[in-house]
Amino acid sequence: MGENRKNHVFSGETSSLWRDTVHLPAFKPLETDIETEAVIVGGGITGITAAYLLASAGMKVVLIEASRLASGTTGFTTAKITAQHGLIYNELIAHFGLEKAQLYYQANQEALGWIRRLIRENDVSCDFEEQPAIVYAATDQEAKSVEQEKETYDRLGIPGRLIYTLDLPLPVKNALLLPDQAQFHPLMYLHYLVAELVKLDVPIYEETMAVAIEKGEPPVVLTKQGYRIHCRDVLICSHFPFYDNRFYFARMVPERSYLMACETDSVVPEGMYISAGDPKRSVRGLSLSGKMMALIGGENHKTGRGEDTASHFQRLIGFANAVLGENHRISQWSAQDYTTLDKVPYIGTIAMNQPHLYIAAGYRKWGMTTGTIAAALLTDQILERENPYADLFSPSRFEADPMIKNFFIENSEIAGNLIKGKLGKGQKSVADLGNDQGAIISLNGKRAGAYKNKNGKIIMVDTTCPHMGCEVNWNQGERTWDCPCHGSRFRANGEVIDGPAREPLQQLYSEEEKHNGEQETSL
């Protein structure tokens with residue numbers, strides 16, 4: 001099961017550089033009822049690391065993934081391993097106090113240390129590099145926020161320092177540098193952990209979607225294919241909790257962001273950079289197959305509420321040209337992640353009265369350290385070991401400031417989007433669509449979604465999201481239907497990509513064609 005790494009040429013489609021350059025091994029779907037001690041749902045960095053820790057401790061573990069390993073957020077990350085999560089610590093002190101802000105920093109630093117030790121002690125080849133993390137200010141107001149964050153660093157004992165120039169050609173007022181952070185190739189890293197799981201005889205099942213948990217003790221996980229997994233503990237480490245009896249869809253905000261990998265002859269300076277203000281801009285370098293590259297990211301927006309995806313990439317191209325000069329785009333892709341109402345992830349038991357059901361969600365795009373924190377914390381809780389971070393990340397918390405305020409603000413926006421979607425009707429017809437285009441159309445006087453594939457074949461879907469009844473919008477850049485309320489995403493044919501929706505969009509019409517004697521859909 002050796003490393004599978006290859007060169008990559010930009011195809012013009014959205015495609016993650018990580019997934020295109022390293023292929024993880026494939027595993028078969030679950031095809032029978034099974035029994036285990038712990039079942040882990042989700043094959044990203046959290047689930048794979050948790051499986052490794054639990055199996056190493058002697059537990060009988062099963063890992064299932066609805067698609068392929070690392071096909072979610074982990075495969076589309078910037079892969080920064082850092083405790084500097086933008087300007088967060090001043091805000092954490094304001095909402096949680098000094099002690100919990102210190103715990104947040106300590107937890108992320110420990111996760112970085114754990115990853116570093118694993119890589120060094122096992123000589124893991126994954127392009128791991130020590131880099132400073134730098135958040136920079138472009139305006140006077142942002143500079144004041146950076147200065148306040150530096151004062152907070154001093155109170156917390158975080159070894160940051162203010163700088164006033166960057167090695168990038170960016171106009172900055174100041175910046176806050178946190179030394180001794182890191183970056184890596186996430187799939188090369190996970191390739192090692194997956195190989196260790198195979199050695200530990202951990203069963204891994206891909207294309208195995210968990211859809212429900214039967215009530216009672218011990219829990220039973222039901223898969224979409226109808227199989228049952230009997231277990232003692234369930235770790236829900238998927239992108240969004242598939243089992244949501246605590247209204248997590250109303251307690252997390254889905255956001256999309258965009259990334260490009262650019263080959264350049266310029267020297268990309270040391271450091272992992274992110275802007276203090278909006279629009280977000282992120283820069284980090286990497287060397288791949290002997291070529292110098294830079295990852296350029298940003299353009300965050302709430303899912304289903306952005307512009308045409310091409311517009312977001314176009315602005316990143318302009319930024320890349322300004323920062324790198326002559327460059328050549330190799331890959332471009334986007335990612336989705338959730339932010340909790342207080343910006344601290346939910347990690348732990350899903351509810352006080354359900355002690356054997358665990359979740360890890362709401363990483364706010366900082367999944368490399370947070371996913372590692374989650375794996376360690378959940379492992380400790382299952383093995384009944386003390387963990388100093390349990391209260392900080394507890395999913396049962398509901399702080400009055402800022403969570404209740406944000407709860408009402410976000411859900412009032414959702415209500416507005418629901419009403420707006422119901423009132424809006426399509427302004428286009430199928431005849432207006434070119435090949436490989438989609439749009440909201442009017443079908444018999446009602447709102448519908450239409451997509452014409454590259455061969456001119458048409459498929460139409462009901463645009464009502466099956467989760468809560470919001471109306472989805474078309475995302476031309478990725479050929480998806482995106483829900484502006486809770487972040488569910490669907491393929492052009494209506495199939496679910498991201499929850500909380502579990503059921504597909506209803507198909508209204510689909511042209512089919514014969515090809516080589518086999519029947520294909522129009523997608």
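Is E196 buried or exposed in this predicted model? E196 is buried, with a relative accessible area of 15%. Here buried means under 20% relative accessible area, exposed means over 50%, and partly exposed lies in between, using a 1.4 Å probe and protein chains only.

Residues are numbered from 1 along each chain as its sequence is written, and side-chain values use heavy atoms, with hydrogens and water left out. Because the model is predicted, local features need pLDDT of at least 70 and side-chain atom pairs count only at pLDDT 80 or more, while totals for chains, interfaces and linings use all residues.

**Overall picture**

The protein has 10 helices and 29 strands. These are DSSP runs numbered from the N terminus: helices are H or I with at least four residues, and strands are E with at least two. Of the 523 residues, 57% are buried. The accessible surface comes to about 21900 Å², and 48% of this belongs to carbon and sulfur atoms. Accessible areas come from the Shrake-Rupley method with a 1.4 Å probe; for residues, only the protein chains shown count as cover. Among contacts (heavy atoms within 4.5 Å) with a separation of 6 or more, 69% join residues 24 or more positions apart.

The predictor's confidence in each residue is its pLDDT, from 0 to 100. The protein averages a pLDDT of 87, and 88% of the residues score at least 70. Over residues 1-7 the pLDDT is below 50, and this stretch has 24 contacts in the model beyond near neighbours in sequence. Residues 513-523 also have a pLDDT below 50, with 21 contacts beyond near neighbours in sequence. Where pLDDT is low, the predicted coordinates should not be read in detail.

**Salt bridges**

The structure holds 19 salt bridges. A salt bridge is a side-chain nitrogen of Lys or Arg within 4 Å of a carboxyl oxygen of Asp or Glu.

| Salt bridge | Closest N and O atoms |
|---|---|
| R120 and E130 | 2.8 Å |
| K199 and E196 | 3.2 Å |
| E471 and R447 | 3.4 Å |

E471 lies in the loop between β22 (458-461) and β23 (473-475) and R447 lies in strand β21 (residues 446-452), so this pair ties together parts that are 24 residues apart in sequence. E471 is buried at 6% relative accessible area, and R447 is buried at 18%.

K199 and E196 both lie in helix α6 (residues 186-199), 3 residues apart, which is about one turn of the helix. K199 is exposed at 63% relative accessibility, whereas E196 is buried.

R120 is exposed, with a relative accessible area of 54%, and E130 is partly exposed at 31%. R120 and E130 also belong to a network of salt bridges with R116.

**Aromatic rings**

The structure holds 9 aromatic pairs. The rings of Y52 and W114 have their centres 6.4 Å apart and their planes at 70°, so the pair is edge-to-face. Rings of Phe, Tyr and Trp (its six-membered ring) pair if their centres lie within 6.5 Å; planes under 30 degrees apart count as stacked, over 60 as edge-to-face and the rest as tilted. Ring pairs also link Y89, Y104, Y105, Y153 and F393 into a cluster.

Charged side chains sit over rings as well. R251 lies over the face of Y346, 4.9 Å from the ring centre. The charged end of R281 sits over the ring of F319, at 5.6 Å from its centre. The criterion is that NZ of Lys or CZ of Arg is within 6 Å of the ring centre and within 35 degrees of the ring normal.
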